[in-house]
Amino acid sequence: MVPISYYLILAAILFCIGVAAFLIKRNIISVFMSIELMLNAVNLTFVAFAHQWHQVSGQIFVFFVMVVAAAEAAVGLAIIIAIFRARNTLNVDQVDLMKL
Amino acid sequence: MEVNFWIFLLLSVLKVAVVTVILLTAVAYTVLLERKVVGRIQNRWGPTRVGPFGLLQPLADGIKLFLKEDLMPTGVYKPLYIAAPVIALSCALLSISMIPFGANIKYHGVDLFQISDINIGLLVILGITSVGVYGVALSGWSSNNKYSLLGALRASAQVISYELALGLSVIGVILVSQSFRLREIVDLQARHGIVSWNVFGGFQFVAFFIYLTAAFAETNRTPFDLPEAESELTAGYHTEYSSMKFAMFFMAEYANMITVGCVATLLFLGGWTSPFGHLFPADLGGVVGEALLPVFWFVAKVFCFLFLYIWVRGTLPRFRYDQLMGFGWKFLMPLAIANILATSLWLAFHAA
Amino acid sequence: MHLVLFIIFGGLCVAGALNLLFQRHPINAALSLIVVMSSLAVLYLLLGAEFLAAAQVIVYSGAIMVLFTFVIMLLNAGSEERTHGSKAAYAIGIPGAAALFAALAYIFLSNSKSLSTAKLGDYIVTTSDLSRVLFRDLLLPFEVTSVLILVAILGAVALARREH
């Protein structure tokens with residue numbers, strides 16, 4: 001027996017760590033990973049609420065988030081590789097110009 | 001039925017222990033089998049010195065690997081260098097826990113021939129094998145050696161690519177049996193012996209071919225053993241490993257082979273059911289025979305699969321890397337999708 | 001039983017996430033994220049979402065994170081250094097995240113009366129339940145996501161290709 005609110009609080013903890021990591025990290029790959037962490041935290045709330053209301057649609061939403069996250073990861077990492085080729089750095093502070 | 005928690009715990013621990021010991025022994029003897037068979041294919045004897053017919057060779061190998069000095073190269077990134085073989089081996093051993101080895105015989109409500117029977121057994125096996133890639137990828141990266149890194153990059157790219165074909169080939173079987181639960185998939189093939197096996201009865205021989213090919217690539221075996229191609233990469237991702245850590249990679253590879261063989265047996269070859277169907281009466285050897293005969297069939301089928309593995313290794317040359325990738329993406333993937341399409345159309349017409 | 005499992009895997013999640021926050025090297029961060037994702041899969045199982053648990057392991061830990069580690073290995077990313085921007089981010093980011101957490105926790109705790117409790121095996125969504133909704137009611141969104149994936153594949157290939 002675990003109250004649903006425990007799951008929600010766990011999700012909140014993960015989300016806030018994700019936010020903090022997103023702000024603190026300087027490596028572009030790590031920044032991207034913190035976004036994934038936030039998405040995962042949101043997924044956990046969806047599943048918890050799906051259990052709360054006995055509705056399948058919450059889980060369907062998670063399914064779609066996963067699919068979109070996979071697409072996002074593919075495109076995002078391709079962009080990161082392209083940036084690395086152009087600037088030879090992964091530090092977000094050094095990628096602050098719109099041109100080379 | 002209510003199952004006593006302590007009996008359940010005790011029997012589960014016992015099952016895990018027995019299965020682990022048997023699996024590791026099977027791994028050791030698969031290595032011996034491979035050396036023997038490849039030896040005969042190449043017109044030599046293979047190991048003969050230790051014990052009768054070289055049967056104690058695995059023991060000697062084990063002692064040798066265990067007593068060797070465990071080198072720690074200076075340039076490596078230590079935590080991951082140590083973690084990598086552990087990840088590889090534990091993922092290889094974990095997936096065997098979903099495999100049912102024999103008929104569904106219960107003792108105090110606990111299934112005797114399967115560690116855990118869950119609804120999504122097949123998906124869990126796929127998931128665990130997909131996590132197993134990290135062992136290889138991290139070993140190459142943390143070794144700080146260009147051959148290791150190249151081998152690891154090759155291995156992870158290859159495994160990810162072929163996982164796709166592997167997963168898609170399995171979908172045909174799932175469509176036919178409408179379940180992820182391995183026991184249900186086997187039960188559906190049990191009706192008429194060999195003709196109702198999924199290879200023939202469910203018309204999944206295309207899927208079987210794809211699964212077979214993808215499984216060779218998944219386990220990094222010849223003809224797809226590019227990650228450890230010794231002529232180009234010395235030894236690939238485990239170049240820097242020695243002693244027990246090397247042995248762990250080695251065991252992981254063979255344990256993966258056995259798992260893949262077990263899954264192929266369950267999905268396509270009718271699992272523990274007899275190929276003769278109900279031609280012979282089931283109560284041939286009393287209670288013991290009823291329990292052990294399915295296990296015999298299962299082991300025999302897995303053995304055939306392993307023999308095929310070794311046979312292919314002794315016969316086929318290695319692919320080139322671009323050929324490997326092209327084969328996976330341009331041939332196996334479309335073929336697998338076509339198989340799914342054909343199977344679902346066939347099922348739809350049958351249902352209508 | 002449920003509570004014990006929740007504490008073990010929830011603790012693993014939090015530990016992994018904190019490790020992600022404090023590790024300087026991207027590959028360590030990636031590995032801790034894998035730990036978070038795999039333990040989340042167990043939590044999904046506890047909540048009765050078995051297909052999602054398997055999909056979480058296969059898609060997130062098995063595919064997306066492999067892609068991340070692959071890119072980290074390919075670009076040979078070193079550990080990050082502290083820069084001017086990172087100091088400002090520390091000063092604003094950590095209090096901000098803490099404030100956000102406080103707000104969320106307050107909302108959840110103040111409404112915890114109206115939320116039920118989760119029991120093992122209480123509500124299990126099987127794969128067929130999930131697919132019935134997915135392929136009947138939500139067929140169009142499902143097909144649209146497949147187009148999205150196709151576009152993403154083409155985009156990734158176009159972006160990552162070296163220009164000649």
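In the predicted model, chain B contains 12 helices and two strands. The C-alpha atoms of chain B fill a box of roughly 60 × 45 × 45 Å when taken along the principal axes. The radius of gyration of chain B is 21 Å, which agrees with the value near 20 Å that a compact globule of 352 residues would have. Of the 352 residues of chain B, 44% count as buried, and among the contacts between residues at least 6 apart in the sequence of this chain, 79% join residues at least 24 apart.

The interface of chain B with chain C brings 16 residues of chain B into contact with 15 residues of chain C. On the side of chain B that touches chain C, the elements that give two or more residues are helix 4 (121-131), helix 5 (133-142) and helix 6 (146-177) of chain B. Of these, helix 4 of chain B gives the most, with six residues. In terms of residue class, this side of chain B divides into 12 nonpolar and four polar residues, with no charged residues.

Chain C also takes part in a helix pair with chain A, formed by helix 3 (residues 57-87) of chain A and helix 5 (residues 127-137) of chain C. Two packed helices are described by the angle between their axes and the distance between the axes. Here the angle is about 75 degrees and the axes of helix 3 of chain A and helix 5 of chain C are 10 Å apart; because angles of 65 to 115 degrees count as roughly perpendicular, the two helices are described as roughly perpendicular to each other. In this pair, Ser57(A), Gln59(A) and Ile60(A) in helix 3 of chain A meet Leu130(C), Val133(C) and Leu134(C) in helix 5 of chain C. By class, the contact between these two helices has four nonpolar and two polar residues, and no charged residues.

Within chain C itself, the domain assignment gives domain 1 (2-121) and domain 2 (126-164). The C-alpha centres of domain 1 of chain C and domain 2 of chain C lie 24 Å apart.

Methods
Residues are numbered from 1 along each chain as its sequence is written. Chains are lettered from A and ligands numbered from 1 in the order in which they are written. This is a predicted model: local features need pLDDT of at least 70, side-chain atom pairs count only at pLDDT 80 or more; totals for chains, interfaces and linings use all residues. Two residues are in contact if their C-beta atoms, placed from the backbone, lie within 7 Å. Helices (H or I, at least four residues) and strands (E, at least two) are DSSP runs, numbered from the N terminus. Ala, Val, Leu, Ile, Met, Phe, Trp, Tyr, Cys and Pro count as nonpolar, Asp, Glu, Lys and Arg as charged, and the others, Gly among them, as polar. Axes are lines fitted to C-alpha atoms, for helices over the stretch in contact, and angles run from 0 to 180 degrees between N-to-C directions. Angles under 35 degrees count as roughly parallel, over 145 as roughly antiparallel, 65 to 115 as roughly perpendicular and the rest as oblique. The radius of gyration is taken over C-alpha atoms; the globule rule is 2.2 Å times the number of residues to the power 0.38. A residue is buried if 20 or more other C-beta atoms lie within 10 Å of its own, exposed if 12 or fewer, and partly exposed in between; C-beta atoms are placed from the backbone. Domain bounds come from an automatic or database domain assignment.
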